[in-house]
Amino acid sequence: DPELGRRAEGGVLVERQVAIYNQTGGLTLDPASPPMWPSGGVSWAPPHGDGLCPRGEIYDEGAWGCVKCPAGTEMRSGACQPCARGTFSVAPGTDCIPCLDGVAGSQGMSQCTACPPLSSRYLGSPAISLDECLCIQGAYLFQPGECRSCPVGAHCDGGAARPRSLPGFWMDMECRELGGQRDCGDDWASVWDCRLGMVPLGACTGNSTCSEGRDGVLCANCLESHARLAAECIDCTDVSVFVLWLAFGLLLLVLFFYALVGHTVFPWPVQAARRQ
């Protein structure tokens, strides 16, 4: 008896002869009557998943059935295609999706590569390289690919910005990493408390700058044409200020001399009156 195939034509289910079987020749396919597959294709060759297999699966001729596309791939254009850079598929049979955090630097990735500690990918980046991972706020770029927590006494904006010292603290701007010429090694990001330099409050004004008339390590030095007086750096070119500070210094000197020996030689009037 001939084997009968069924085909839908115009919404009407009809019978078609697709093969003939006999005892001597066995099953003989009718090349003029190939079957119609669910996808609409008419062929003796399966359409390789186009409408035949569920989403995310492909027809495997060796297995005579549908199999899921492996992790790192997705069903696309009738075949399992690797996920594009910046996307991944974590499980078999799933679609490739963009990396929300981290990156996918090559095709066919089943998971995204995480950004280094204290860093994250900036919004809108293509997620294809770890170079897109920038230091978060409160951290700074110590060296390429390594972010560190902001030192005590400094402020860190994140990204590729260098730390900035807060008022009362000092950083060595001569270090190459901070814009200078000296190789400071791993100590370039060190932050120092200006109180170690025995300088008055306000000498270190922040961002590695010093108050007027000061410079050097911990802002402990006076500039040229400045003189140190009572822990302050006085501008010698400003006559009025210099004279004022000079008079103040002389007054302190007189008071110190009197406190030391003067009261025995030149008693105050009140003390002289008591003696009388």
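The model is predicted: local features need pLDDT of at least 70, side-chain atom pairs count only at pLDDT 80 or more, and totals for chains, interfaces and linings use all residues. Residues are numbered from 1 along each chain as its sequence is written, and side-chain values use heavy atoms, with hydrogens and water left out.

**Overall composition**
- The chain holds 2 helices and 23 strands, taken as DSSP runs (helices H or I, at least four residues; strands E, at least two) numbered from the N terminus.
- Of its 276 residues, 27% count as buried; buried means under 20% relative accessible area, exposed over 50%, and partly exposed in between (1.4 Å probe, protein chains only).

**Nonpolar cores**
- The largest nonpolar core has 11 residues, including Tyr140, Phe142, Met171, Trp188 and Ala189; such a core is a set of buried Ala, Val, Leu, Ile, Met, Phe, Trp, Tyr and Cys residues joined through side-chain atoms within 4.5 Å.
- This core draws at least three residues from each of domain 2 (115–162) and domain 3 (166–240), with bounds from an automatic or database domain assignment.
- Apart from this core lies another, of 7 residues, among them Trp170, Cys194, Val199 and Cys204.
- Beyond its neighbours within four places in sequence, alanine 189 is in contact with Tyr140, Pro151 and Met171, where contact means heavy atoms within 4.5 Å.

**Nonpolar surface patch**
- Leu246, Leu250, Leu253, Phe256 and Leu260 form a nonpolar surface patch of about 530 Å²; patches use residues with over 30% relative accessible area and no salt bridge, like charges being joined within 9 Å and nonpolar side chains (Val, Leu, Ile, Met, Phe, Trp, Tyr) within 5 Å.
- Leucine 253 lies in helix H1 (residues 239–265) and is exposed, at 53% relative accessible area.

- The whole structure contains 7 salt bridges, each a side-chain nitrogen of Lys or Arg within 4 Å of a carboxyl oxygen of Asp or Glu.
- Aspartate 95 and arginine 55 form one of 2.9 Å, N to O, linking the loop between S8 and S9 to the loop between strand S3 (26–29) and strand S4 (57–60), 40 residues apart.
- Aspartate 95 is partly exposed at 30%, whereas arginine 55 is exposed at 70%.
- Glycine 93, in the loop between strand S8 (87–88) and strand S9 (97–98), touches Arg55, Gly56, Lys68 and Cys69, not counting residues up to four places away in sequence.

Key
Areas by Shrake-Rupley, 256 points an atom, 1.4 Å probe, with all protein chains shown as cover.
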